[in-house]
Amino acid sequence: MSTPPLHLSGVVLPDGEHRDLWVRDGRFTTEPVPGAETVSRGGWLVPGLVDAHCHVGIGRGGTPVEDLAGLREQALAERAAGVLALRDCGAPVDTRALDDEPDLPQVIRAGRHLAAPKRYIPGLAVELGPADLADEVRVQARRGDGWVKLVGDWIDRGVGDLAPEWPEEAVAAAIAAAHEEGARVTAHTFGTDALPALIRSGIDCIEHGTGLTEELVAEMAARGTAVVPTLVNVEHFPSFAAAGEKRFPAYASTMRRLHAGSGAVVRAAYEAGVPVFAGTDAGGGIEHGRIADEVRALHEAGLPAEAALAAASWGARAWLGLPCIEEGARADVVVYDADPRADLATLARPARIVLRGRVVA
Ligand SMILES: [Zn+2]
């Protein structure tokens with residue numbers, strides 16, 4: 001795909017230096033390109049934002065999105081928020097057709113959610129027993145883009161509360177199988193009890209992680225295990241609690257307790273040195289395009305503004321193997337009129353979005 005040459009000048013993050021940059025054949029260069037059109041001057045240039053937990057493929061109410069137009073609409077809502085790459089963290093449908101759409105963000109897939117029978121949102125996961133988990137992990141690892149998604153805990157209606165989905169041997173075998181396939185593993189967990197086995201078995205990331213304790217945070221920090229807190233989703237815990245109150249009072253009280261402690265967990269993880277990344281959990285009950293809200297929530301939980309921004313940009317990009325604003329890198333950049341580190345509210349107003357070297361907004 002050939003794109004006309006561009007010129008941008010401004011303060012380049014994360015280093016904060018004022019620079020002139022050109023885009024040739026969709027890639028950054030510091031060499032002036034004759035005839036390049038200046039598309040931005042004097043702004044703050046932020047490496048394309050990342051939503052590290054974002055379900056393109058899950059529609060309102062948790063129903064799979066089967067048609068390309070529906071998938072495009074979700075991806076375009078992310079793009080409008082400056083999200084130029086996303087980790088889908090599990091999708092019930094094949095979204096590969098999006099890879100042929102050059103105007104859409106890059107999707108890094110995690111295959112399908114893997115859950116124990118009747119232990120996740122109906123219709124979304126591959127549901128299977130512990131003896132089959134490792135084999136299915138291999139299947140999903142080969143389908144994905146370097147990630148596999150386990151559902152680590154969910155309400156167990158027999159217990160009336162959150163409970164782990166898998167025995168430790170199954171978790172250990174599944175994570176080892178993914179690693180053999182060259183994939184990283186992440187797991188949905190709200191509560192605490194599923195976490196020790198996942199972390200001990202060498203999982204690469206924890207989603208939500210509201211049940212993390214000080215001890216588990218210390219182990220994650222030592223191992224380099226990341227967390228994607230999805231605070232935009234955690235805001236909904238009180239409504240999950242209210243919905244379950246009558247039949248599952250213990251679950252309701254657990255969800256309220258986890259909600260109340262969620263900010264402190266994020267702060268403790270960050271302060272302990274656990275890599276924290278921004279993910280909205282969009283799809284289903286959460287609208288696409290809310291990365292700025294998640295960054296603000298991470299900051300309110302205790303991350304310095306610059307760290308909260310890094311969690312949705314250069315930090316997340318490095319973690320996912322994506323380059324930033326550098327010679328030869330694909331030109332994915334979001335420009336703001338003011339310094340977003342000084343006021344994260346700026347993130348809600350991208351002045352220019354360049355995706356694959358093309359101005360898209
Ligand atoms: Zn999710």
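Which residues does Ser 262 touch, not counting residues up to four places away in sequence? Some notes on this predicted model, starting there.

1. Ser 262 touches Thr 210, Leu 231 and Val 234, leaving aside residues up to four places away in sequence. You'll find Ser 262 in helix H8. At a relative accessible area of 9%, Ser 262 counts as buried, because buried means under 20%.

2. On to the nonpolar cores. The largest one has 98 residues, and those with the most contacts inside it are Leu 133, Val 137, Leu 150, Leu 212 and Leu 298. Helix H8 gives the most to this core, with seven residues. Domain 1 (6–47 + 321–359) and domain 2 (50–319) both give residues to the core, so it lies between them.

3. Leu 133 deserves a look of its own. Again not counting residues up to four places away in sequence, Leu 133 touches Leu 114, Leu 128, Leu 150, Trp 166, Ala 170 and Ala 174. One of these, Leu 150, is also listed among the residues with the most contacts inside the core.

4. Now the aromatics: the count comes to six aromatic pairs. In one of them, Phe 237 and Phe 240 have ring centres 5.9 Å apart and planes at 35 degrees, so the pair is tilted. The stacked label needs planes under 30 degrees apart. Both residues sit in helix H7 (residues 237–244), and because they are three residues apart there, about one helical turn separates them.

5. Phe 277 and Trp 319 make a stacked pair, 4.2 Å centre to centre with 15 degrees between the planes. This pair links distant parts of the chain, 42 residues apart: Phe 277 is in the loop between helix H8 (249–272) and helix H9 (291–301), and Trp 319 is in helix H11 (residues 314–319). Phe 277 is buried, with a relative accessible area of 7%. Trp 319 is buried as well, at 15%.

6. Back to Phe 237 and Phe 240 for a moment: together with Tyr 120, Trp 154 and Phe 190 they form one aromatic cluster.

7. Where does Arg 87 lie relative to Trp 147? Arg 87 is over the face of Trp 147, at 4.6 Å from the ring centre.

Key:
Residues are numbered from 1 along each chain as its sequence is written. This is a predicted model: local features need pLDDT of at least 70, side-chain atom pairs count only at pLDDT 80 or more; totals for chains, interfaces and linings use all residues. Side-chain values use heavy atoms; hydrogens and water are left out. Rings of Phe, Tyr and Trp (its six-membered ring) pair if their centres lie within 6.5 Å; planes under 30 degrees apart count as stacked, over 60 as edge-to-face and the rest as tilted. Helices (H or I, at least four residues) and strands (E, at least two) are DSSP runs, numbered from the N terminus. Buried means under 20% relative accessible area, exposed over 50%, partly exposed in between (1.4 Å probe, protein chains only). A charge sits over a ring if NZ of Lys or CZ of Arg is within 6 Å of the ring centre and within 35 degrees of the ring normal. Contact means heavy atoms within 4.5 Å. A nonpolar core is a set of buried Ala, Val, Leu, Ile, Met, Phe, Trp, Tyr and Cys residues joined through side-chain atoms within 4.5 Å. Domain bounds come from an automatic or database domain assignment.
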